[in-house]
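The questions below take the labels one at a time.

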Amino acid sequence: MIAEEEVTAQVADLKVEQTSTSNPPASAGTIGSVATDGEADEGGEGGEEGETAAKKSKSKKNKNKNKKKKKITTIDNSYADGKFPEGEWMEYPLEVNLYRTTSEEKRYDDRLLNNKWEDFRKGAEIHRRVRHKAKSSIKPGMTMTEIADLIENSTRAYSGNVHTKTAGIGFPTGLSVNHIAAHYTPNAGDKNVLKQEDVMKVDIGVHVNGCIVDSAFTLTFDDKYDSLLQAVKEATNTGIKEAGIDVRLGDIGGAIQEVMESYELELDGKTYPIKAIRNLNGHNIGDYVIHGGKTVPIVNNGDTTKMEEGETFAIETFGSTGEGYVIPQGECSHYALAHEYQKVPVMGDRCQKLLSSIESNFGTLPWCRRYLERAGEDKYLLALNQLVRQGVVEDYPPLVDVRGSYTAQYEHTILLHPHKKEVVSRGDDY
Ligand code: HZT
Ligand code: MN
Ligand code: MN
(Lines give C-alpha, C1' and ligand atoms only; values in the text may rest on other atoms or scores of the structure.)
(Ligands and ions follow the chains in the order given, each with its own letter.)
Protein backbone atom coordinates (compact mmCIF):
# COMPACT_ATOMS: atom_id res chain seq x y z
CA MET A 1 0.00 0.00 0.00
CA ILE A 2 2.89 2.31 0.66
CA ALA A 3 5.64 2.99 -1.84
CA GLU A 4 9.10 1.70 -0.95
CA GLU A 5 10.59 5.19 -1.29
CA GLU A 6 8.16 6.44 1.33
CA VAL A 7 9.11 3.69 3.74
CA THR A 8 12.78 4.57 3.31
CA ALA A 9 11.99 8.20 3.98
CA GLN A 10 10.14 7.32 7.17
CA VAL A 11 12.96 5.11 8.37
CA ALA A 12 15.40 7.93 7.66
CA ASP A 13 13.17 10.35 9.58
CA LEU A 14 13.56 8.30 12.71
CA LYS A 15 17.34 8.45 12.66
CA VAL A 16 18.81 10.41 15.53
CA GLU A 17 22.32 11.52 16.31
CA GLN A 18 24.55 8.73 17.50
CA THR A 19 24.78 8.91 21.25
CA SER A 20 26.82 6.74 23.56
CA THR A 21 24.83 7.52 26.69
CA SER A 22 21.12 6.88 26.77
CA ASN A 23 18.96 9.96 26.57
CA PRO A 24 16.03 9.47 28.92
CA PRO A 25 12.68 10.90 27.90
CA ALA A 26 11.34 14.06 29.47
CA SER A 27 9.61 13.43 32.74
CA ALA A 28 8.20 15.44 35.62
CA GLY A 29 10.29 14.64 38.63
CA THR A 30 8.93 11.25 39.56
CA ILE A 31 6.78 11.15 36.45
CA GLY A 32 7.87 8.59 33.90
CA SER A 33 11.59 8.53 34.47
CA VAL A 34 12.30 5.33 32.59
CA ALA A 35 15.19 4.90 30.21
CA THR A 36 14.41 4.14 26.57
CA ASP A 37 14.44 0.47 25.74
CA GLY A 38 16.61 -1.40 23.35
CA GLU A 39 15.58 -2.13 19.82
CA ALA A 40 12.06 -2.84 18.66
CA ASP A 41 9.77 -1.70 15.88
CA GLU A 42 10.25 1.50 14.03
CA GLY A 43 7.74 4.23 13.49
CA GLY A 44 5.80 4.79 10.33
CA GLU A 45 3.57 2.37 8.55
CA GLY A 46 2.38 -0.95 9.86
CA GLY A 47 3.19 -3.00 12.94
CA GLU A 48 5.51 -5.96 13.22
CA GLU A 49 3.27 -8.13 11.13
CA GLY A 50 3.00 -5.50 8.46
CA GLU A 51 6.75 -5.06 8.17
CA THR A 52 7.83 -6.05 4.71
CA ALA A 53 11.01 -7.86 3.71
CA ALA A 54 11.92 -4.79 1.71
CA LYS A 55 11.73 -2.58 4.78
CA LYS A 56 13.73 -5.02 6.88
CA SER A 57 16.53 -5.09 4.31
CA LYS A 58 16.52 -1.29 4.16
CA SER A 59 16.87 -1.18 7.94
CA LYS A 60 19.84 -3.55 7.81
CA LYS A 61 21.40 -1.53 5.03
CA ASN A 62 21.20 1.59 7.17
CA LYS A 63 22.78 -0.27 10.08
CA ASN A 64 25.58 -1.54 7.86
CA LYS A 65 26.33 2.00 6.75
CA ASN A 66 26.91 2.64 10.48
CA LYS A 67 24.23 5.31 10.63
CA LYS A 68 23.11 4.24 14.05
CA LYS A 69 19.66 5.25 15.12
CA LYS A 70 17.78 5.00 18.34
CA LYS A 71 14.75 3.01 17.36
CA ILE A 72 11.47 4.04 18.82
CA THR A 73 9.75 1.19 20.58
CA THR A 74 6.14 0.98 21.68
CA ILE A 75 5.76 2.44 25.13
CA ASP A 76 4.30 -0.85 26.38
CA ASN A 77 7.85 -2.25 26.37
CA SER A 78 8.78 0.27 29.10
CA TYR A 79 5.85 -0.57 31.37
CA ALA A 80 5.47 -4.33 31.46
CA ASP A 81 2.91 -4.10 34.28
CA GLY A 82 0.76 -1.68 32.28
CA LYS A 83 0.96 0.97 35.03
CA PHE A 84 1.91 4.27 33.45
CA PRO A 85 3.22 7.21 35.50
CA GLU A 86 0.69 9.47 37.17
CA GLY A 87 0.63 13.17 36.40
CA GLU A 88 0.98 15.99 38.92
CA TRP A 89 -1.62 15.69 41.70
CA MET A 90 -3.20 18.89 43.01
CA GLU A 91 -5.84 19.50 45.66
CA TYR A 92 -9.05 21.29 44.73
CA PRO A 93 -9.06 25.06 45.38
CA LEU A 94 -12.55 25.54 46.90
CA GLU A 95 -12.96 25.29 50.69
CA VAL A 96 -16.20 23.34 50.11
CA ASN A 97 -14.15 20.60 48.44
CA LEU A 98 -11.72 20.05 51.33
CA TYR A 99 -13.64 16.91 52.34
CA ARG A 100 -12.95 15.30 48.95
CA THR A 101 -9.21 14.92 49.59
CA THR A 102 -9.68 12.52 52.51
CA SER A 103 -13.09 11.01 51.69
CA GLU A 104 -12.97 7.21 51.49
CA GLU A 105 -16.12 7.27 49.38
CA LYS A 106 -14.54 9.64 46.83
CA ARG A 107 -11.47 7.41 46.55
CA TYR A 108 -13.75 4.45 45.94
CA ASP A 109 -15.66 6.38 43.26
CA ASP A 110 -12.34 7.09 41.54
CA ARG A 111 -11.57 3.40 41.07
CA LEU A 112 -14.63 3.00 38.88
CA LEU A 113 -13.02 5.37 36.38
CA ASN A 114 -9.59 3.76 36.55
CA ASN A 115 -9.52 2.33 33.01
CA LYS A 116 -10.06 5.81 31.62
CA TRP A 117 -7.37 7.34 33.85
CA GLU A 118 -4.89 4.62 32.80
CA ASP A 119 -5.51 5.35 29.13
CA PHE A 120 -4.91 9.08 29.70
CA ARG A 121 -1.67 8.33 31.58
CA LYS A 122 -0.39 6.13 28.80
CA GLY A 123 -1.22 8.84 26.24
CA ALA A 124 0.49 11.45 28.42
CA GLU A 125 3.70 9.43 28.68
CA ILE A 126 3.70 9.04 24.89
CA HIS A 127 3.13 12.81 24.66
CA ARG A 128 6.14 13.58 26.93
CA ARG A 129 8.41 11.36 24.83
CA VAL A 130 7.18 12.73 21.52
CA ARG A 131 7.63 16.35 22.61
CA HIS A 132 11.08 15.58 24.04
CA LYS A 133 12.09 14.33 20.61
CA ALA A 134 10.41 17.33 18.96
CA LYS A 135 12.21 19.85 21.21
CA SER A 136 15.59 18.22 20.61
CA SER A 137 15.29 17.79 16.84
CA ILE A 138 13.26 20.71 15.45
CA LYS A 139 15.64 23.30 13.96
CA PRO A 140 15.22 26.39 11.76
CA GLY A 141 15.63 25.38 8.12
CA MET A 142 13.35 22.35 8.40
CA THR A 143 10.17 22.38 6.35
CA MET A 144 6.85 22.32 8.17
CA THR A 145 6.18 18.96 6.51
CA GLU A 146 9.41 17.48 7.89
CA ILE A 147 8.48 18.74 11.36
CA ALA A 148 4.96 17.29 11.19
CA ASP A 149 6.27 13.92 9.92
CA LEU A 150 8.87 13.77 12.68
CA ILE A 151 6.28 14.33 15.41
CA GLU A 152 3.57 12.15 13.92
CA ASN A 153 5.84 9.17 13.09
CA SER A 154 7.14 9.36 16.64
CA THR A 155 3.57 9.30 18.05
CA ARG A 156 2.70 6.34 15.84
CA ALA A 157 5.83 4.42 16.86
CA TYR A 158 5.43 4.97 20.63
CA SER A 159 1.78 3.96 20.28
CA GLY A 160 2.80 0.64 18.71
CA ASN A 161 1.64 1.41 15.15
CA VAL A 162 -1.84 0.12 15.93
CA HIS A 163 -5.00 1.14 14.08
CA THR A 164 -5.60 4.92 14.06
CA LYS A 165 -8.81 4.47 16.07
CA THR A 166 -7.16 2.26 18.74
CA ALA A 167 -4.31 4.60 19.72
CA GLY A 168 -1.93 7.17 18.24
CA ILE A 169 -2.52 10.62 16.79
CA GLY A 170 -5.40 12.35 18.58
CA PHE A 171 -5.64 15.30 16.19
CA PRO A 172 -3.48 16.99 13.52
CA THR A 173 -0.17 18.38 14.81
CA GLY A 174 -0.56 22.13 15.20
CA LEU A 175 2.52 24.01 13.95
CA SER A 176 1.16 27.56 13.91
CA VAL A 177 3.77 30.27 13.43
CA ASN A 178 3.86 33.95 14.58
CA HIS A 179 0.45 35.67 14.07
CA ILE A 180 -1.18 32.29 13.36
CA ALA A 181 -2.35 31.18 16.80
CA ALA A 182 -3.87 27.76 16.07
CA HIS A 183 -5.01 25.11 13.59
CA TYR A 184 -2.23 25.33 11.05
CA THR A 185 -0.62 22.09 9.90
CA PRO A 186 0.96 21.64 6.46
CA ASN A 187 -1.12 20.30 3.59
CA ALA A 188 0.60 18.24 0.87
CA GLY A 189 3.18 20.27 -1.06
CA ASP A 190 3.60 22.93 1.64
CA LYS A 191 7.12 24.36 1.11
CA ASN A 192 7.19 26.66 4.16
CA VAL A 193 10.41 26.55 6.16
CA LEU A 194 10.77 27.28 9.87
CA LYS A 195 12.87 30.41 10.48
CA GLN A 196 15.18 31.40 13.35
CA GLU A 197 12.92 34.33 14.36
CA ASP A 198 9.69 32.30 14.29
CA VAL A 199 7.41 31.71 17.27
CA MET A 200 5.86 28.26 16.72
CA LYS A 201 3.05 26.72 18.75
CA VAL A 202 3.52 22.93 18.77
CA ASP A 203 0.15 21.38 19.61
CA ILE A 204 0.32 17.58 19.87
CA GLY A 205 -2.59 15.18 20.38
CA VAL A 206 -2.16 11.59 21.53
CA HIS A 207 -5.07 9.25 22.16
CA VAL A 208 -5.41 5.80 23.72
CA ASN A 209 -8.80 4.16 23.21
CA GLY A 210 -10.28 7.60 22.50
CA CYS A 211 -8.87 9.28 25.62
CA ILE A 212 -7.19 12.32 24.04
CA VAL A 213 -4.22 14.04 25.68
CA ASP A 214 -4.19 17.59 24.29
CA SER A 215 -1.06 19.54 25.21
CA ALA A 216 0.91 22.32 23.55
CA PHE A 217 4.02 24.45 24.04
CA THR A 218 5.70 27.30 22.19
CA LEU A 219 9.08 26.91 20.49
CA THR A 220 11.44 29.83 19.82
CA PHE A 221 15.12 30.10 18.89
CA ASP A 222 15.67 33.65 20.19
CA ASP A 223 15.38 34.69 23.84
CA LYS A 224 13.86 38.06 22.86
CA TYR A 225 10.40 36.43 23.11
CA ASP A 226 10.97 35.06 26.61
CA SER A 227 8.54 37.36 28.46
CA LEU A 228 5.74 36.45 26.00
CA LEU A 229 6.35 32.75 26.62
CA GLN A 230 6.61 33.27 30.38
CA ALA A 231 3.31 35.20 30.44
CA VAL A 232 1.45 32.42 28.65
CA LYS A 233 3.07 29.61 30.63
CA GLU A 234 2.13 31.34 33.91
CA ALA A 235 -1.38 32.08 32.64
CA THR A 236 -1.94 28.40 31.79
CA ASN A 237 -0.61 27.33 35.19
CA THR A 238 -3.00 29.80 36.79
CA GLY A 239 -5.90 28.24 34.89
CA ILE A 240 -4.79 24.81 36.10
CA LYS A 241 -4.58 26.03 39.74
CA GLU A 242 -8.04 27.65 39.61
CA ALA A 243 -9.73 24.65 37.94
CA GLY A 244 -11.84 22.31 40.04
CA ILE A 245 -15.21 20.72 40.72
CA ASP A 246 -17.92 23.42 41.08
CA VAL A 247 -15.58 26.21 39.91
CA ARG A 248 -17.25 28.67 37.51
CA LEU A 249 -15.66 28.76 34.05
CA GLY A 250 -15.79 32.58 33.88
CA ASP A 251 -13.85 32.86 37.15
CA ILE A 252 -11.05 30.72 35.70
CA GLY A 253 -10.95 33.03 32.66
CA GLY A 254 -10.68 36.11 34.88
CA ALA A 255 -7.71 34.68 36.81
CA ILE A 256 -5.96 33.71 33.57
CA GLN A 257 -6.42 37.14 32.01
CA GLU A 258 -5.14 38.97 35.07
CA VAL A 259 -1.85 37.03 35.06
CA MET A 260 -1.43 37.15 31.27
CA GLU A 261 -1.98 40.90 31.03
CA SER A 262 0.47 41.72 33.84
CA TYR A 263 3.24 41.11 31.27
CA GLU A 264 4.65 43.10 28.36
CA LEU A 265 7.18 42.37 25.65
CA GLU A 266 9.88 44.73 24.45
CA LEU A 267 10.88 44.10 20.83
CA ASP A 268 13.30 46.34 18.90
CA GLY A 269 12.75 49.25 21.27
CA LYS A 270 8.95 49.05 21.18
CA THR A 271 6.89 47.84 24.14
CA TYR A 272 3.84 45.65 23.50
CA PRO A 273 1.23 44.81 26.13
CA ILE A 274 0.51 41.08 26.14
CA LYS A 275 -3.18 40.39 25.61
CA ALA A 276 -5.09 37.20 26.24
CA ILE A 277 -6.68 36.15 22.92
CA ARG A 278 -10.29 36.61 24.01
CA ASN A 279 -11.97 34.37 21.44
CA LEU A 280 -9.76 31.31 22.05
CA ASN A 281 -10.72 28.84 24.78
CA GLY A 282 -9.89 25.69 26.62
CA HIS A 283 -12.50 22.91 26.49
CA ASN A 284 -13.62 19.65 28.00
CA ILE A 285 -12.61 16.40 26.33
CA GLY A 286 -14.96 13.46 25.75
CA ASP A 287 -14.39 9.91 24.49
CA TYR A 288 -13.08 10.33 20.91
CA VAL A 289 -14.35 13.93 21.09
CA ILE A 290 -11.82 16.76 21.29
CA HIS A 291 -14.34 19.36 22.41
CA GLY A 292 -17.14 18.11 24.57
CA GLY A 293 -19.29 21.26 24.65
CA LYS A 294 -17.90 23.24 27.59
CA THR A 295 -15.43 26.04 26.92
CA VAL A 296 -12.90 27.48 29.36
CA PRO A 297 -12.49 31.20 28.57
CA ILE A 298 -9.18 33.02 29.03
CA VAL A 299 -10.93 36.28 29.94
CA ASN A 300 -13.83 36.66 32.38
CA ASN A 301 -16.85 36.33 30.08
CA GLY A 302 -19.35 35.94 32.93
CA ASP A 303 -19.97 32.24 32.20
CA THR A 304 -21.34 30.65 35.42
CA THR A 305 -21.21 27.06 34.08
CA LYS A 306 -19.31 24.84 36.53
CA MET A 307 -16.73 22.09 36.11
CA GLU A 308 -17.98 18.68 37.31
CA GLU A 309 -16.61 15.51 38.93
CA GLY A 310 -15.11 13.05 36.46
CA GLU A 311 -14.69 15.58 33.66
CA THR A 312 -11.46 16.05 31.71
CA PHE A 313 -10.33 19.43 30.40
CA ALA A 314 -7.75 20.94 28.10
CA ILE A 315 -6.58 24.10 29.86
CA GLU A 316 -4.98 26.27 27.18
CA THR A 317 -4.17 29.95 27.02
CA PHE A 318 -2.92 32.17 24.22
CA GLY A 319 -1.11 35.49 24.55
CA SER A 320 -0.57 37.99 21.76
CA THR A 321 1.29 41.20 20.95
CA GLY A 322 -1.50 41.98 18.46
CA GLU A 323 -5.25 42.56 18.86
CA GLY A 324 -5.88 39.62 21.17
CA TYR A 325 -8.57 38.47 18.74
CA VAL A 326 -8.36 35.84 15.99
CA ILE A 327 -10.22 35.33 12.73
CA PRO A 328 -10.33 32.24 10.49
CA GLN A 329 -8.02 32.80 7.52
CA GLY A 330 -6.00 30.80 4.99
CA GLU A 331 -6.18 27.33 3.49
CA CYS A 332 -7.85 24.82 5.80
CA SER A 333 -6.03 21.67 6.96
CA HIS A 334 -7.97 20.54 10.08
CA TYR A 335 -11.35 18.76 9.88
CA ALA A 336 -13.60 16.50 11.96
CA LEU A 337 -16.98 14.85 11.54
CA ALA A 338 -19.69 17.23 12.80
CA HIS A 339 -21.21 16.35 16.18
CA GLU A 340 -24.51 15.09 14.77
CA TYR A 341 -23.26 14.16 11.32
CA GLN A 342 -25.38 11.01 11.18
CA LYS A 343 -28.53 13.11 11.06
CA VAL A 344 -27.39 14.84 7.88
CA PRO A 345 -28.32 13.12 4.59
CA VAL A 346 -25.26 12.73 2.36
CA MET A 347 -25.71 13.57 -1.30
CA GLY A 348 -23.54 12.05 -4.01
CA ASP A 349 -21.50 8.87 -4.59
CA ARG A 350 -18.07 10.42 -4.17
CA CYS A 351 -19.18 12.09 -0.91
CA GLN A 352 -20.55 8.84 0.51
CA LYS A 353 -17.34 6.99 -0.35
CA LEU A 354 -15.22 9.69 1.29
CA LEU A 355 -17.48 9.75 4.36
CA SER A 356 -17.16 6.01 4.93
CA SER A 357 -13.37 6.28 4.58
CA ILE A 358 -13.37 9.09 7.19
CA GLU A 359 -15.59 7.05 9.51
CA SER A 360 -13.41 3.93 9.29
CA ASN A 361 -10.07 5.74 9.59
CA PHE A 362 -10.78 8.47 12.18
CA GLY A 363 -14.32 8.13 13.50
CA THR A 364 -15.03 11.34 15.40
CA LEU A 365 -11.32 12.19 15.95
CA PRO A 366 -10.07 15.28 14.05
CA TRP A 367 -7.81 14.71 11.03
CA CYS A 368 -6.06 16.69 8.30
CA ARG A 369 -5.69 16.43 4.54
CA ARG A 370 -2.30 14.66 4.85
CA TYR A 371 -3.91 11.84 6.86
CA LEU A 372 -6.56 11.35 4.14
CA GLU A 373 -3.80 11.00 1.54
CA ARG A 374 -1.93 8.59 3.78
CA ALA A 375 -5.14 6.52 4.00
CA GLY A 376 -5.06 6.23 0.20
CA GLU A 377 -7.53 8.96 -0.76
CA ASP A 378 -6.75 11.13 -3.75
CA LYS A 379 -8.66 13.76 -5.73
CA TYR A 380 -10.94 14.03 -2.69
CA LEU A 381 -11.01 17.84 -2.35
CA LEU A 382 -14.28 18.48 -4.21
CA ALA A 383 -16.10 15.81 -2.17
CA LEU A 384 -14.53 17.09 1.04
CA ASN A 385 -15.68 20.65 0.37
CA GLN A 386 -19.17 19.31 -0.38
CA LEU A 387 -19.25 17.39 2.93
CA VAL A 388 -18.31 20.65 4.69
CA ARG A 389 -21.11 22.54 2.88
CA GLN A 390 -23.60 19.77 3.73
CA GLY A 391 -22.69 20.09 7.43
CA VAL A 392 -21.37 16.52 7.72
CA VAL A 393 -17.74 17.58 8.16
CA GLU A 394 -16.70 20.59 10.20
CA ASP A 395 -13.69 22.59 8.99
CA TYR A 396 -11.25 24.24 11.41
CA PRO A 397 -9.32 26.84 9.40
CA PRO A 398 -6.18 28.53 10.75
CA LEU A 399 -6.96 31.16 13.43
CA VAL A 400 -4.89 34.32 13.01
CA ASP A 401 -4.32 37.58 14.86
CA VAL A 402 -3.20 40.70 12.95
CA ARG A 403 -0.23 40.44 10.58
CA GLY A 404 3.11 41.17 12.25
CA SER A 405 1.91 40.08 15.69
CA TYR A 406 3.36 37.23 17.74
CA THR A 407 1.19 34.70 19.56
CA ALA A 408 2.14 31.99 22.07
CA GLN A 409 0.31 29.04 23.65
CA TYR A 410 0.70 26.58 26.52
CA GLU A 411 -1.79 23.78 27.14
CA HIS A 412 -2.26 20.84 29.50
CA THR A 413 -4.87 18.12 29.93
CA ILE A 414 -6.28 17.79 33.45
CA LEU A 415 -8.42 15.04 35.01
CA LEU A 416 -11.01 15.96 37.66
CA HIS A 417 -10.91 12.88 39.88
CA PRO A 418 -13.52 12.76 42.66
CA HIS A 419 -10.85 13.42 45.35
CA LYS A 420 -8.08 15.43 43.57
CA LYS A 421 -7.17 16.81 40.16
CA GLU A 422 -4.35 15.38 38.07
CA VAL A 423 -2.33 17.40 35.54
CA VAL A 424 -1.80 14.28 33.49
CA SER A 425 0.35 15.83 30.75
CA ARG A 426 2.75 17.63 33.16
CA GLY A 427 6.44 17.05 32.42
CA ASP A 428 9.72 18.46 33.65
CA ASP A 429 9.67 20.75 30.58
CA TYR A 430 6.36 22.59 31.12
C1 HZT B 1 -10.57 21.37 17.05
C2 HZT B 1 -10.05 20.74 15.93
C3 HZT B 1 -8.87 20.05 16.02
C4 HZT B 1 -10.49 22.00 19.47
C5 HZT B 1 -9.08 23.69 20.54
C6 HZT B 1 -7.77 23.10 20.25
C7 HZT B 1 -6.00 22.41 19.30
O8 HZT B 1 -10.36 25.80 19.07
C9 HZT B 1 -14.09 24.65 22.06
C10 HZT B 1 -13.03 25.27 22.57
C11 HZT B 1 -8.21 19.95 17.23
C12 HZT B 1 -8.73 20.58 18.33
C13 HZT B 1 -9.92 21.30 18.25
F14 HZT B 1 -8.37 19.42 14.95
N15 HZT B 1 -10.04 23.36 19.54
N16 HZT B 1 -7.03 22.50 21.17
N17 HZT B 1 -5.91 22.08 20.58
N18 HZT B 1 -7.15 23.06 19.09
S19 HZT B 1 -11.10 24.55 19.20
C20 HZT B 1 -12.16 24.72 20.55
O21 HZT B 1 -11.82 24.18 18.01
S22 HZT B 1 -13.71 24.15 20.50
C23 HZT B 1 -11.92 25.31 21.73
MN1 MN C 1 -4.24 21.58 21.67
MN1 MN D 1 -7.18 22.08 23.16
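**Labels and their grounds**

H283 and E316 are both buried. The model is a predicted one, in which local features need pLDDT of at least 70 and side-chain atom pairs count only at pLDDT 80 or more, while totals for chains, interfaces and linings use all residues. Residues are numbered from 1 along each chain as its sequence is written, chains are lettered from A and ligands numbered from 1 in the order in which they are written, and side-chain values use heavy atoms, with hydrogens and water left out.

Q: What makes residues protein donors of the manganese ion (ligand 3)?
A: Donors are N, O and S atoms within 2.8 Å of the metal (3.2 Å for Na, K and Ca), and because water is not among the atoms, sites may look incomplete. D214 (OD), H283 (NE2), E316 (OE) and E411 (OE) lie 2.1 to 2.2 Å from the ion, so they are counted as its protein donors.

Q: Which residue bridges the manganese ion (ligand 3) and the manganese ion (ligand 2)?
A: D214 bridges these two ions, which lie 3.3 Å apart.

Q: Why is N178 called buried?
A: Buried means under 20% relative accessible area, exposed over 50%, and partly exposed in between (1.4 Å probe, protein chains only). N178 has a relative accessible area of 16%, and is therefore buried.
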